[in-house]
Amino acid sequence: MSNLNDFLENLSSDAELQVRYLENPEQVMEEAGLSEEEKEAMRSGDEKSLSDLTGDQKAYKKVIRSPS
């Protein structure tokens, strides 16, 4: 499994990680070892980019976004 797949899986199931991600997404992505391409996909929230990188058509649903 890729770093991004692992990250999304952890993010979808770990409430503490979710809070940390909402507070400082850049730091949490860096700690997870995501590549710049993976970080950009997370920043954009682009469904196709996330699916292409993970091979998971449901990856987009695992992304947590802070309220606007």
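**Salt bridges and helix packing in the predicted model**

Arg20 is partly exposed, with a relative accessible area of 30%. Here buried means under 20% relative accessible area, exposed means over 50%, and partly exposed lies in between (1.4 Å probe, protein chains only). The model is predicted: local features need pLDDT of at least 70, side-chain atom pairs count only at pLDDT 80 or more, and totals for chains, interfaces and linings use all residues. Residues are numbered from 1 along each chain as its sequence is written, and side-chain values use heavy atoms, with hydrogens and water left out.

The structure holds seven salt bridges. A salt bridge is a side-chain nitrogen of Lys or Arg within 4 Å of a carboxyl oxygen of Asp or Glu. Arg20 takes part in one of them, with Glu31. The closest N and O atoms of this pair are 2.3 Å apart. Glu31 belongs to helix H3 (residues 25–31) and Arg20 to helix H2 (residues 15–23), eleven residues away, so the pair links distant parts of the chain. Helices (H or I, at least four residues) and strands (E, at least two) are DSSP runs, numbered from the N terminus. Glu31 is also partly exposed, at 49% relative accessibility.

A salt bridge also joins Arg43 and Glu26, with closest N and O atoms 2.8 Å apart. Arg43 lies in helix H4 and Glu26 in helix H3, so the pair ties together parts that are 17 residues apart in sequence. Both ends are partly exposed: Arg43 has a relative accessibility of 38%, and Glu26 one of 36%. Lys39 pairs with Glu30, the closest N and O atoms being 2.4 Å apart. Lys39 is buried, at 4% relative accessibility. A network of salt bridges links Glu26, Glu30, Glu36, Lys39, Glu40 and Arg43.

Glu38 is placed in helix H4 (residues 36–44). Glu38 is buried yet has no salt bridge. Its nearest side chain of opposite charge is Lys39, 8.5 Å away. For charge, Lys and Arg count as positive and Asp and Glu as negative; His and the chain ends are not counted. Neighbours within four places in sequence aside, Glu38 is in contact (heavy atoms within 4.5 Å) with Ser2, Asn3, Leu4, Gly33 and Leu53.

Glu38 also takes part in the packing of H4 against H5. The axes of H4 and H5 come within 8 Å and cross at roughly 145°. Axes are lines fitted to C-alpha atoms, for helices over the stretch in contact; angles run from 0 to 180 degrees between N-to-C directions. The crossing of H4 and H5 is left-handed, that is, the near helix is turned anticlockwise from the far one by less than a right angle (right-handed if clockwise). Glu37, Glu38, Ala41 and Met42 of H4 meet Ser49, Leu50 and Leu53 of H5. By class, this contact has four nonpolar, one polar and two charged residues. Ala, Val, Leu, Ile, Met, Phe, Trp, Tyr, Cys and Pro count as nonpolar, Asp, Glu, Lys and Arg as charged, and the others, Gly among them, as polar.

Helix H1 (residues 3–13) packs with helix H5 (residues 47–54) at an angle of about 115°, the axes being 8 Å apart. This crossing is left-handed. H1 contributes Leu4, Asn5 and Leu8, and H5 contributes Leu50, Leu53 and Thr54. The contact of H1 with H5 comprises four nonpolar, two polar and no charged residues. Asn5 of H1 is buried, at 18% relative accessibility. The C-alpha atoms of Asn5 and Val63, 58 residues apart along the chain, are separated by 11 Å.
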